[in-house]
Amino acid sequence: MTGPSASTSTAFEKAKADGRAALIGYLPAGFPDVDGAIDGLKAMVVAGCDVIEIGLPYSDPVMDGPTIQAAAQQALDGGVRTRDVLRTVEAVAATGVPTVVMTYWNPIERYGVERFAADLANAGGAGLITPDITPDYADAWIAAADAHDLDRVFLVAPSSTDERIAMTTAASRGFVYATGVMGVTGGRRATAEVVGPLIARTKATTDLPVGVGVGVSTGEQAAELAEYADGVIVGSAFVRALLDNAGDRSAGLRALSALTEELAAGVRRA
Amino acid sequence: MSDPVTNPVTNPVTNPVSFDADDKGWFGGPLEGFGGKYMPEALMKALDELDAAWQEAKADPAFVADFEAILRDYANLPSPLYEAKRLSESVGRRILLKREDLNHTGAHKIRNVLGQALLTKRMGKSRVIAETGAGQHGVASATAAAYFGLDCTVYMGKVDTERQALNVARMQLLGAEVIPVESGSATLKDAINEALRDWVSSVETTAYLFGTAAGPHPFPTLVRDLVRGIGDEARAQSLEQYGALPDAIAACVGGGSNAIGLFTAFLDDADVRIYGFEAGGDGFDTGRHAATITAGDTGVLHGARTYVLQDDDGQTIESHSISAGLDYPGVGPQHSWLAKTGRATYQPVTDAEAMEAFALLSRTEGIIPAIESAHAVAGALRIAPDLPEGSTILVNLSGRGDKDMGTAVEWFGLGQAKPDGTPVGATDAQIAEGAKS
């Protein structure tokens, strides 16, 4: 029990007051193992992440490219369970940084939507990012999030119609996740050409902050996209920092810190 | 799923129930039912457009006429309804076979792909992608792409490309690109994941020819509508040829497209019993099977809420079956609903039972069935004694067995010869018993 959860919106407000975009960093729980992920995420907090996104490893991750697939598979092979994800949330949220879980839907449905919302709130988690469920099919989650004061981060995509964007932002809480490319994580590079119009269409429907993720990996890109977005979300690049240093935990942590610092400088350069 | 526990019929039909989906894709509603559309937002517009295009196309007499002409002139349809007299004699009940094994490319799947490819042309897209397990849907998709002049990419688990190298060659000959998938368990479910990843990146120009009546709305109803000709034809043929409806109908169920294709025409015929036979693999008690409805728990897989083989954390469990076409840990949501309402009965059939029926049908009728379809034959033989004398069972013989000869060689020990030319392997008696030598 870590007390009331911090909404992600407070982190966006703080960044905005500083005249910059927020930095959101991702690792899957249980990668390279449960304690290793906790150590990695804490290092990312210390080095400058404003919000932490913890992946719940799943056997069939259709929005993820090979890098995050490999990390999630390693976590599952290592025996990570949903309760380990909650333990990871508790450890990271204790740092005071808003902490959300990124999860495909079936593990939540299996755990019980209401039960998961209650346990996530108890662990100090701020909410969920849900890549494979949209508000028009999420009645149970919307109700559970309301009951437990949790953020509901739904996604908008370059292919979304204006009607669907309006429907999505109306159901969102905390922030809105704009996918920077048509594609999976760790693949194509997000560019201002695609992201700019999507963020403009999204902001036309809501006062919520908009974070851009998928296809963002470097400080330079973070700087470019921070001109349009309220937050920059990075996942595969952090996972790669650990994969590239497999077998050397302290080198992995140094790589995570260095990447965080590069990205944190990027969101301040815009 | 720790212990296999048979899913009960929790909602028996006492009042008129809709067996069809509502306009959001729910069979039985969002609370208690199955289906829906659990997909990334990036694909929602494309799924909505597909739904709208299909509603429009199926109401367009020109489209319907085009589809019927292609099925007739190109795919060899309608397929015959055939009375299997020697098989009937051996079980004491009349067995009718819907001969989908005689279709172009060798299975019912040609109906689905020709329909979806025709729709793709109508929607102005130039490329199709497909997933495949054994390769049958991949071959059918490559065939339809060749027929319509579309680019075609097929995702196939690496394990399956090795098990079914001949089908890989067929797809390549037909002009398709085959991409082996190495992620996860490197089988059908992972091929679906990879096809969805392609689609997220290519949705503007590309149609996903989904291979079964599963997945997100509108695929379960779209695919069903395209393959329901199986049952529509069989029902009319039964009345015309035998003056009556069958007493029971039977089909194998993996994802469930051939089964829903047969069942749909008979759902409102309350006196016709409906049976689906799932892959029981090594045996239900071993946990190594693909009996999703019998043993699965409600969950979300590949875009639909349905029965899923999964662990306590909702991670998908790998399925097992001698038949690649039934080797899938999910099932089409309409089957889950038909099971829950009690309208259809689903039972597992083991590898050994299916192979026994495979040999029996070959020897009594001169028809080598697909091993998938042999599950339906085995199931029909099992239920036959429970039906009154004089009853008729109509079985969907969904595909032919050419593709399965490698498996049959291994199972029965066929076709080998010693260096001196002396044949070895199974004796006639062993084959007739269906015993694994």
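I count a contact when heavy atoms lie within 4.5 Å. By that rule, the contact takes 38 residues from chain A and 38 residues from chain B.

Before going on, I noted that this is a predicted model, where local features need pLDDT of at least 70 and side-chain atom pairs count only at pLDDT 80 or more, while totals for chains, interfaces and linings use all residues. Residues are numbered from 1 along each chain as its sequence is written, chains are lettered from A and ligands numbered from 1 in the order in which they are written, and side-chain values use heavy atoms, with hydrogens and water left out.

**Entry: the interface**

I looked up the buried area (the accessible area, with a 1.4 Å probe, that two parts lose on being put together, summed over both). Between chain A and chain B it is about 3100 Å², and carbon and sulfur atoms give 48% of that. A:Val62, A:Arg110 and A:Tyr137 supply 25% of the area that chain A buries against chain B, more than any other three residues.

Next I checked salt bridges (a side-chain nitrogen of Lys or Arg within 4 Å of a carboxyl oxygen of Asp or Glu). There are six between chain A and chain B. A:Arg110 forms a salt bridge with B:Asp297, with the closest N and O atoms 3.4 Å apart.

**Entry: the annotated pair**

Which residues does UniProt mark as "active site"? The unreviewed entry places the feature at A:Glu53 and A:Asp64; I keep in mind that positions are in the numbering used here, feature names are shortened, and annotations may be inferred rather than shown by experiment.

I took helices (H or I, at least four residues) and strands (E, at least two) as DSSP runs, numbered from the N terminus. A:Glu53 sits in strand E2 (residues 51–55) of chain A, and A:Asp64 in the loop between E2 and helix H3 (66–77).

Are they buried or exposed? My cut-offs are under 20% relative accessible area for buried, over 50% for exposed and partly exposed in between (1.4 Å probe, protein chains only). A:Glu53 is buried because its relative accessible area is 3%, and A:Asp64 counts as buried at 6%.

Leaving aside neighbours within four places in sequence, I found A:Glu53 in contact with residues including A:Tyr26, A:Met102 and A:Tyr177.
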